[in-house]
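This report describes one protein structure for a reader who is new to the subject. Please keep the sequence and the model in view while reading.

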Amino acid sequence: MVLVVSNIANEAAATLVDEFPPGCAALITASNFYQSFKLGVGVNAFSASRLTINGREMAAADITGVVCTITNFFPQEFYYIQPADRQYVCAEMNAFFTYFLHELACKKINPPSVRSFSGLCLHKMEWLKKAHALNIPVWPLRLKNGTHEGETQNMDAITVCKYTIISGQMVGSKPPPAVQGYLHALQHAFCLPYLQAFFVATSDGAYHLADLLSVPAISSPVNRAAIIQFFSKNNVYDSFMGPEGRRTDGYGAHSA
């Protein structure tokens with residue numbers, strides 16, 4: 001079972017679930033958490049913990065993949081909680097779900113961190129240091145009180161290019177060789193299956209890293225197809241799909 005963690009505002013999340021083979025993925029949101037996600041966690045035997053996901057009972061070990069399209073849950077998503085308690089409940093759920101994602105021994109796009117369900121969620125100054133250490137040209141930025149204001153000079157002379165890499169493979173438009181090298185270096189340095197980078201291409205043919213994102217952008221059909229292929233290559237759901245896509249087990253995937 002592949003979990004797609006998102007929110008109800010992201011319509012592409014349900015689309016991604018539907019594009020997996022039937023029964024192989026489930027959508028988890030804070031807005032229906034009390035219905036779609038029920039469990040009893042055994043701290044000393046996590047993989048054997050029993051879960052009920054969208055009415056289907058399984059062990060934690062039956063979750064063989066996770067795609068997190070959000071950094072965390074937000075209080076307004078817990079509309080079924082008393083308004084005075086939403087902030088507290090949201091904080092507790094974010095802490096619990098971060099623990100839950102860390103404990104899952106499966107393929108993840110991307111693995112969680114203490115700041116985010118998906119990836120490192122680094123401040124610009126943090127990934128800029130890493131880029132400099134990797135000798136990747138960086139587009140100049142301006143900070144005011146720690147907030148990035150953007151660069152407005154000579155904007156007519158530049159082009160912003162967006163490139164995505166998933167598990168070492170370029171997705172969508174193929175970047176120039178130099179940029180491919182930058183993306184591979186960044187992916188290796190951060191140990192993340194998914195990265196989306198924005199480069200500024202100047203008139204002299206140079207490329208400068210301007211932004212780096214680790215939360216999967218699933219609104220793109222090409223990205224969704226690449227994510228499904230990532231899990232397929234890692235045998236996340238192929239092992240329990242029989243001929244013509246029929247299930248060969250009772251309810252869930254085998255452990256990855």
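## Terms and basis

Helices (H or I, at least four residues) and strands (E, at least two) are DSSP runs, numbered from the N terminus. The model is predicted: local features need pLDDT of at least 70, side-chain atom pairs count only at pLDDT 80 or more, and totals for chains, interfaces and linings use all residues. Residues are numbered from 1 along each chain as its sequence is written, and side-chain values use heavy atoms, with hydrogens and water left out.

## The protein as a whole

The protein contains six helices and 13 strands. Of its 256 residues, 44% count as buried; buried means under 20% relative accessible area, exposed over 50%, and partly exposed in between (1.4 Å probe, protein chains only).

## Strand S12 and its partners

Strand S12 (residues 194-202) is largely enclosed by the rest of the structure, because eight of its nine residues are buried. Two strands pair if DSSP finds at least two bridges between them. Strand S10 (residues 158-166) pairs with S12 in the antiparallel sense over nine bridges, and Tyr-194 in S12 is the bridge partner of Ile-166.

S12 also pairs with S13, in the antiparallel sense and over six bridges. Here Phe-199 stands opposite Leu-209 in S13. The two strands S12 and S13 form a hairpin with four residues between them, and Gly-205 in the turn has a positive phi of about 90°.

## The largest pocket

On a 1 Å grid over the protein atoms alone, a cavity is a set of points where a 1.4 Å probe fits but cannot get out, whereas a pocket is an open set with protein on both sides within 12 Å along at least five of seven lines; lining residues have an atom within 4 Å of a point. Grid points are joined across faces, edges and corners, and a volume is the space filled by probe spheres set on the points.

The largest pocket holds about 220 Å³ of space. It is lined by 16 residues, of which Cys-121, Leu-122, Leu-212, Leu-213 and Ser-214 are the closest to its centre. Helix H4 (124-133) and strand S13 (207-213) are the elements that give two or more residues to this lining, and S13 gives the most, with three residues.

## Ser-49

Ser-49 lies in the loop between strand S3 (37-40) and strand S4 (50-53). This residue is buried, with a relative accessible area of 4%. The C-alpha atoms of Ser-49 and Ala-60 are separated by 5.5 Å, although the two residues are 11 residues apart along the chain.
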